[in-house]
Amino acid sequence: RPTSSVSALDAAGVVAFLAGRPQLAKHVGPAGSEGSWDVKEVGDGNINFVYIVTGPSGGVCVKQALPYVRCVGEGWPLSCDRARIEAEALALEHKLCPQHTPQVYLYEPASSVIVMQLLGPPNVILRHAIVQGGTFPHVGRHTGEFLAATLFSTSLLAMDSRSFRQMQVRFTNPDLCALTEQVIFADPYAQAAINRWTAPQLDEAAAGLRADTEAKAAISVLKRKFCCSADALIHGDLHTGSIMVTADSSVMIDPEFAFVGPIAFDPAKIIAELLIPYFAADGHEAAQGAGSRAGQRVWLLQCIVDVWETFSSRFLELWSAKVAADGGAAAGDLSPGALLGAAADNGPAALASCQQAFVAGLWADVLGFAGAFIIRRLVGIAHTADMDSIADADVRAACELRALRFGRHLLVQGAATYKGVRELTAAAAAAR
Ligand code: ADP
Ligand code: SR1
Ligand code: MG
Ligand code: MG
Ligand code: MG
């Protein structure tokens with residue numbers, strides 16, 4: 001199906017789309033109530049169009065992928081198959097971790113539309129809430145639970161290799177992977193017309209990155225890992241704009257970049273996107289008063305610890321439980337349990353030692369990827385409100401420079417420097 005055949009919905013089109021499908025319409029209102037429905041386009045992401053439809057019975061969220069990148073326009077074509085990837089990834093994630101994933105009601109290929117559970121008020125996008133100064137004590141733990149459930153269960157530690165390879169085919173996602181390869185792993189280190197930064201304050205730093213052979217060597221290694229490591233079905237874009245929160249709940253949305261890639265990519269992305277507001281907090285304090293972000297700073301670092309500690313400990317629990325359930329013999333193809341046995345000659349200590357080595361390897365990659373993710377938000381195409389909402393350009397640039405230096409440090413030296421997450425957060429505190 002040529003993607004160019006998809007035509008854009010408008011508010012009336014969204015109502016007609018839902019009204020013609022009673023199984024969807026019932027979430028919004030009874031037949032005949034369509035005239036009273038409210039439709040708002042709320043898409044604030046870079047890529048797609050999102051409509052919130054509400055009526056007497058509640059509401060739904062309607063997301064449409066058009067054949068181009070929203071924030072650039074028709075000059076940057078992008079496959080609408082991303083809507084299928086997102087719908088199938090959401091369905092799988094919902095099966096593995098229902099408490100942290102929205103329910104998909106429908107995916108319709110002809111219009112590249114997903115209709116899903118509405119996360120209505122008081123749900124907010126985590127990034128927006130952080131920019132406002134908010135704190136969410138549970139989101140780090142919830143994100144770690146989501147990561148462990150989805151990444152363990154879609155890895156060869158849990159799956160047989162035949163099913164795993166079938167999953168790889170379903171989630172090949174070449175176009176969105178190519179986008180990531182370009183905007184995260186290439187453009188920030190090159191002269192690219194779509195790059196931007198706070199100028200002239202960051203001109204020298206951006207030029208320095210383009211001449212930085214150590215950073216280029218490090219990003220090349222990570223790009224290769226992104227392209228060649230097939231660990232698990234990763235979310236692929238788990239930043240703070242992909243998490244909707246309330247005081248007690250956290251829901252991960254927007255997995256259109258999902259593919260079978262390196263496990264470390266996902267925890268690294270959310271950790272980087274918590275470090276960026278940590279470095280931005282000084283800029284907000286300059287406008288709002290000294291100390292006004294002190295509590296948020298403490299929370300942001302604790303949130304990073306919670307993500308990593310919950311993810312890594314839960315991942316290992318799932319792994320040990322799988323080995324025990326399989327009697328140490330029939331665990332997924334890559335599980336050392338399959339060879340070592342849970343209780344036989346090599347025993348649980350051998351499994352524990354394999355597990356610790358596995359987690360240490362992931363952590364080393366998390367540090368490098370996190371550095372790359374910080375850098376791309378400061379000198380690449382896609383910036384975020386964390387820094388952009390600091391109105392004074394000199395104040396913003398000072399925050400961005402500190403973050404950029406820390407990102408570059410993580411990219412080049414992180415893996416060799418920080419053995420644990422608390423060392424990372426202590427280093428961030430010293431670098432602000
Ligand atoms: P994009 O792929 O363009 O980044 P997102 O999936 O991130 O699109 O959605 C953009 C915005 O739409 C989100 O920031 C959020 O405000 C809103 N949104 C997305 N999904 C839902 C949902 N299920 N319920 C309520 N709002 C949603
Ligand atoms: C054109 S770059 C768009 C960016 O937005 C998405 O959310 C991804 O992060 C991507 O890199
Ligand atoms: Mg998004
Ligand atoms: Mg968003
Ligand atoms: Mg998206």
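Before you start, residues are numbered from 1 along each chain as its sequence is written, while chains are lettered from A and ligands numbered from 1 in the order in which they are written. Because the model is predicted, local features need pLDDT of at least 70 and side-chain atom pairs count only at pLDDT 80 or more, while totals for chains, interfaces and linings use all residues; side-chain values use heavy atoms, with hydrogens and water left out.

**Stop 1: ligand 1**

Select ligand 1 and the 19 residues around it; Asp-44, Asn-48, Lys-63, Leu-119 and Glu-256 come nearest. Here a residue counts as near if one of its heavy atoms lies within 4 Å of the molecule.

Next, look for polar contacts, which are pairs of N or O atoms within 3.5 Å. In the side chain of Asp-44, a polar atom lies 2.5 Å from an oxygen atom of ligand 1. Now show the backbone: a polar atom of Gln-117 is 2.9 Å from a nitrogen atom of the ligand, and for a polar backbone atom of Leu-119 the distance to a ligand nitrogen is 2.9 Å. On its own, ligand 1 has 550 Å² of accessible area, and the protein covers 94% of it. Such areas come from the Shrake-Rupley method with a 1.4 Å probe.

Which strands each supply at least two residues of this shell? Color S2 (49-55), S3 (58-64) and S7 (113-117) to see them; strands are DSSP runs of E with at least two residues, and helices are runs of H or I with at least four, numbered from the N terminus. The shell divides into 11 nonpolar, four polar and four charged residues.

Why does ligand 1 lie between them? Both domains give residues to its shell, so ligand 1 lies between the two.

**Stop 2: ligand 2**

Move on to ligand 2 and select its surroundings, including Trp-76, Asp-237, Phe-257 and Lys-269. This shell holds five nonpolar, two polar and three charged residues.

A polar atom in the side chain of Asn-46 is 2.8 Å from an oxygen atom of ligand 2. For an N or O atom in the side chain of Arg-376, the distance to a ligand oxygen is 2.5 Å, and for one in the side chain of His-239 it is 3.4 Å. The protein buries 97% of the 320 Å² that ligand 2 exposes when taken alone.

**Stop 3: backbone details**

Select Pro-121 and Pro-122, which are joined by a cis peptide bond with omega of about 10 degrees. Pro-122 is in the loop between S7 and strand S8 (124-125).

Another cis peptide bond links Ala-199 to Pro-200, with omega of about 5 degrees. You will find Pro-200 in the loop between helix H7 (174-183) and helix H8 (203-210).

Finish at Ser-112, in the loop between strand S6 (104-108) and S7. Although Ser-112 is not a glycine, its phi is positive, at about 55 degrees.

Notes
A polar contact is a pair of N or O atoms within 3.5 Å; within protein, one must be able to donate a hydrogen and the other to accept it, and residues adjacent in sequence count only if both atoms are side-chain atoms. Ala, Val, Leu, Ile, Met, Phe, Trp, Tyr, Cys and Pro count as nonpolar, Asp, Glu, Lys and Arg as charged, and the others, Gly among them, as polar. Domain bounds come from an automatic or database domain assignment.
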